[in-house]
Amino acid sequence: MSVLVGKQAPDFTVPAVLGDGQIVDSFSFSEATSGKYAVVFFYPLDFTFVCPSELIALDHRIDEFKSRNVEVISVSIDSHFTHNAWRNTPINKGGIGPVRYTMAADISHAICKDYDVEANGPAVAYRGTFLVDRSGIVRHQVVNDLPLGRDMDELLRMIDALQFHEEHGEVCPAGWKKGDSGMNANPVGVAEYLDKNADKL
């Protein structure tokens, strides 16, 4: 499994269903995310079990992502037509409803391979999440095995931490949440922070 943190996020251009329901033959990751942060959110397959819970949870927080200037792109090996059918299937019938972010179709498995999240055996994507900054650099990644769903609020926390660091220059200690103080990345700053907060860690 490759570590992409600190490296340029692999670009891709594939068919997709956009957040407004439009089906396109050529969605460009680099064009769609220019000047924005991005979340690339891999999942195994449409019309499965853990996946809809994750994609619906992601959609429930889409306004939170947008308020942070984050473009969300989900990716699986299904076609854009299957994505569209899943979006058009009611939640109580096994669908995900009209989610408001792009669903990219990695039919060739090229994106899964470029991000190194293709599972051995079933050749679907592991539950990989990549946070990309405005320069196109991967700043955070997490990869879960197929049975393990992700926490969207933790993803938002990581975005807040990255943006806090960019704005203030301070680093974010364990358990940091938006509104908390940061830490100066030097021995004095660490000592001061731990003196005030060690019992809360």
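H109 sits in the loop between β5 (102-105) and α5 (110-114). Helices (H or I, at least four residues) and strands (E, at least two) are DSSP runs, numbered from the N terminus. H109 has a positive phi of about 70°, although it is not a glycine. H109 is buried because its relative accessible area is 17%; buried means under 20%, exposed over 50%, and partly exposed in between (1.4 Å probe, protein chains only).

This is a predicted model, where local features need pLDDT of at least 70, side-chain atom pairs count only at pLDDT 80 or more, and totals for chains, interfaces and linings use all residues. Residues are numbered from 1 along each chain as its sequence is written, and side-chain values use heavy atoms, with hydrogens and water left out.

Turn to F47. This residue lies in the loop between β3 (37-42) and α2 (50-60). F47 is not a glycine, yet its phi is positive, about 55°. Its relative accessibility is 39%, so F47 counts as partly exposed.

Next comes S79. Its loop runs between β4 (70-76) and α4 (80-87). S79 is buried, because its relative accessible area is 18%. Leaving aside neighbours within four places in sequence, S79 is in contact with A105 and I107. Contact means heavy atoms within 4.5 Å. A polar atom of the S79 side chain lies 3.1 Å from the backbone nitrogen of T82.

Last, look at helix α7 (residues 187-197), where V190 is found. V190 has 31% relative accessibility, so it counts as partly exposed.

Key
A polar contact is a pair of N or O atoms within 3.5 Å; within protein, one must be able to donate a hydrogen and the other to accept it, and residues adjacent in sequence count only if both atoms are side-chain atoms.
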